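User: I'm new to this one and would like to start with the strands. Please take a close look at how they are put together and at what sits against them.

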Amino acid sequence: MIERSIAVCDGDPRYALELGSAISEMIPSEFEVASFTGVDTLIEYAREHHVDVSIVSESAYDPGLREALPGTLLILRETPDFAPEGAILIDRFISKKDLLQSVIKELPDSMEGCLVKRMTAKSWRVIGIYSPVRRCLQTNFALSLGQILAQDHKVLYVNFENYSGLSARVGEEFKSNMVDLLYYYDCDPDRLSIRIPLMIYHMGPLDVIPPAPSYYDTYERNGGKWVEILKTIENATEYEYVILDLTDSMSGLLDVLEYCDRIYTCVKSDESSRAKLAEYEKWMVDHSRADVMGKSVKFSFPEFRDLPQDPLMLTHCELAGYVRSIINEDKI
């Protein structure tokens with residue numbers, strides 16, 4: 001039974017779950033990460049568990065925490081004048097990477113070495129685009145996001161859609177696609193660093209691995225295998241971001257969603273779409289997938305007129321303005 005733990009407490013459930021999930025991915029297995037939205041439940045938990053480190057936001061802080069939590073207390077400071085006695089202060093509004101590195105510096109020696117090793121091993125940021133709602137501009141958003149990010153970073157876009165129609169949209173037959181990638185991965189994964197550049201379709205500054213023509217070409221790959229393939233691509237390339245345009249028609253969707261650092265979910269406001277989204281979110285929570293919800297961001301777009309068919313023109317239309325605002329607000 002796991003007795004040692006790290007506790008994360010923030011009034012925003014999504015933030016608490018996301019931060020807890022990020023830390024959980026990197027700590028040794030003998031520790032668990034527990035997320036809370038209030039100090040009362042955190043203190044109650046601490047009565048029965050050995051809490052090595054407590055990470056509490058300024059807005060959730062209570063002076064009684066210092067006595068109730070004898071371990072290391074880290075406060076995510078939200079205002080410059082906040083300075084409680086006996087706590088280590090970390091600025092909440094820095095980037096996720098910097099925040100995690102700041103947390104690492106304050107962890108007990110028994111955790112620190114493992115954390116640093118696993119953090120530095122990951123070289124790219126995984127952005128998943130998925131919605132249970134259809135015809136919500138998911139692929140247009142993903143392509144626009146990828147092209148805008150690629151203006152300043154090395155970005156790879158991977159589409160898992162069934163019968164994507166992407167070849168017709170760009171007006172060109174792809175010379176290679178996901179089926180070829182899987183073949184080369186199965187035959188000689190160590191040579192992917194050579195194979196991948198020859199397979200890439202360049203959509204402006206964005207690198208694209210063209211999708212398989214049909215789900216039936218890839219259905220035997222489960223979620224664990226997709227994650228393994230993506231990690232192999234990560235190690236074989238120098239991409240800073242990978243954008244995964246995900247769909248229900250792929251096998252192992254839930255494992256891939258858990259692999260993502262951030263998930264964007266496009267939604268619509270009609271009654272049927274709201275019902276689909278509510279059922280999806282309830283199922284995820286009921287089946288212990290709350291961590292996926294914790295790193296998901298939902299948004300809807302207005303009704304655009306005459307969105308361009310050519311993906312290269314997506315960065316020059318009204319949609320691009322909304323995508324740029326999401327990038328700035330979410331500090332991607």
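Analyst: Let's begin with the open sheet of five parallel strands, which runs β2-β1-β3-β4-β5. Strands here are DSSP runs of E with at least two residues, helices are runs of H or I with at least four, and both are numbered from the N terminus; two strands pair if DSSP finds at least two bridges between them. Keep in mind that this is a predicted model, where local features need pLDDT of at least 70 and side-chain atom pairs pLDDT 80 or more, while totals for chains, interfaces and linings use all residues. Residues count from 1 along each chain as its sequence is written, and side-chain values use heavy atoms, without hydrogens or water.

At the edges of this sheet you'll find β2 (31-36) and β5 (88-91), each pairing on one side only. From one strand to the next, the twist averages 20 degrees (axes are lines fitted to C-alpha atoms, for helices over the stretch in contact, with angles from 0 to 180 degrees between N-to-C directions). Further in, β1 (residues 4-9) and β3 (residues 50-57) run parallel and are joined by six bridges.

Two helices are worth a look here. Helix α1 (residues 13-24) packs on the sheet and touches β1, β2, β3 and β4 (72-77), with its direction at about 170 degrees to that of β2; contact means heavy atoms within 4.5 Å. Helix α2 (residues 39-46) lies across β1, β2 and β3, at about 150 degrees to β2.

Now for the other sheet. Seven strands make up this open one, in the order β8-β9-β7-β10-β6-β11-β12, and the pairing is mixed. Its edges are β8 (201-203) and β12 (296-300); each has a single partner strand, so one side of each has no neighbour in the sheet. Direction ignored, neighbouring strands are turned by 25 degrees against each other on average. Inside the sheet, β6 (residues 125-129) and β10 (residues 241-245) run parallel, with five bridges between them. There Ile127 stands opposite Ile243 in β10.

The helix to follow here is α6, which packs on the sheet and touches β6, β7 (155-159), β8, β9 (206-209), β10, β11 (262-267) and β12. Its direction makes about 170 degrees with that of β10.

Tyr264 sits in β11 and Phe299 in β12, 35 residues apart, so to speak linking distant parts of the chain. In total, the structure holds 14 aromatic pairs.

Finally, back to α6. This helix gives three residues to the lining of the second largest pocket, the largest share. A pocket is an open set of points on a 1 Å grid over the protein atoms alone, with protein on both sides within 12 Å along at least five of seven lines, and lining residues have an atom within 4 Å of a point. This pocket is lined by 23 residues, with Arg135, Leu137, Gln138, Thr139 and Glu161 nearest its centre.

Notes. 1 Å grid on protein atoms, 1.4 Å probe; cavity = no way out; pocket = protein on both sides within 12 Å on 5 of 7 lines; lining within 4 Å. Phe/Tyr/Trp six-rings, centres within 6.5 Å; stacked < 30°, edge-to-face > 60°.
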